[in-house]
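I opened the model to look up two things. The notes follow in order.

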Amino acid sequence: MTKAIDQTFTSALTGWYRQNRRDLPWRQDKDPYHVWVSEIMLQQTRVEAVREYYIRFMKALPDVQALAEAEEQTLLKLWQGLGYYNRVRNMHKAAVAVKEEHGGVFPYDYEGLRSLPGIGDYTAGAIASICFDQRVAAVDGNVLRVYSRLNEDAGDVKGTVMKKKVSLELQELYPSEDCGDFTQGLIELGALICVPAGQPRCGSCPVSQYCKAAENGTALLYPVKREKKQRKKVQKTVFLFQCGDKLAVEQRPDTGLLAGMYQFPNVDEAMDAADAVRQAELWGVCPRDLQRRVDYTHVFTHVEWEMQAYYMTVECEDCRFIWANRDQLKKDIPLPSAFRYFLE
Ligand code: SF4
């Protein structure tokens, strides 16, 4: 028979967290800037991938003031490869708001944090509990998975109703101090023990005696999966125009997917070689020869780009594009992974 989830659950989890927490660069202190940057980076990205990005970001922009004053190109470059670039744009807006509206000091309550651009329920809860010791939950996918297994709850973990319910129930379980250890204990449990892929490690779980799924051997049935919407597929023809040691790029529009980033010229259709050469001429580029074609599919959250790229040597630089050598493309120009593939 499982134990009822009460304050003893909280102590078991926080005690386990203190003994087993991973040593991560953003866990060295409780500075809200550090916690905030790491939480935004960790959205949709693995801890191991974030580590280096975080260290580099902190070296370049050590505090909220430096972030508020940073140029967009610098930010995009620091973020290059992490994807979902609106995250860093919103961070910049939030840093400006902290500087201009809060005298350079982070708001210390949930509502104040929540009012900043790009800070949603989860991030506000994480910062408020970890940095300001407030009894507010931070409910992400890890926490929802743990909760649904503990309670054998078949609710829709993608929906707001379930999130709200979990958030309210967890709030009741928060300790009176060191609230951040409870928040991070739940997240850490989901990352290390009650894992998303494969069998959870119930034998090593500090809260298994509270878990209905462990008792009934049903952990893999939770959270209940619902049918995913099919991703939209977009065909693209990409042009790698090479003139001397330079390649042509252009800036993307400042709204929409990968806004403001750079790209190799491209069109939203699959072209054969003859049409690709004609398209190049329409842009005022004079192709000398078409060297090869490379195909690559890049998957975003809601859309898949099925790309075919033509490498062409061209004669003129006198056209609408910006020309940059490989070194500049790697170091100075924010080129998203979807296009960087062709460079590499
Ligand atoms: Fe997850 Fe198993 Fe722990 Fe339950 S006992 S919370 S299923 S790891």
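I looked up the area buried between domain 1 and domain 2: about 900 Å², with 45% from carbon and sulfur atoms. Buried area here is the accessible area (1.4 Å probe) that two parts lose on being put together, summed over both. The model is predicted, with local features needing pLDDT of at least 70 and side-chain atom pairs pLDDT 80 or more, while totals for chains, interfaces and linings use all residues. Residues are numbered from 1 along each chain as its sequence is written, and side-chain values use heavy atoms, without hydrogens and water.

I checked the bounds: domain 1 is 7-221 and domain 2 is 232-343, from an automatic or database assignment. Eight residues of domain 1 and 17 residues of domain 2 make the contact (heavy atoms within 4.5 Å). The C-alpha centres of domain 1 and domain 2 lie 37 Å apart. I found zero salt bridges between domain 1 and domain 2 (Lys or Arg side-chain nitrogen within 4 Å of an Asp or Glu carboxyl oxygen).

Next, the ligand. Among the residues around the ligand are Arg149, Ile193, Cys194 and Ser208 (a heavy atom within 4 Å).
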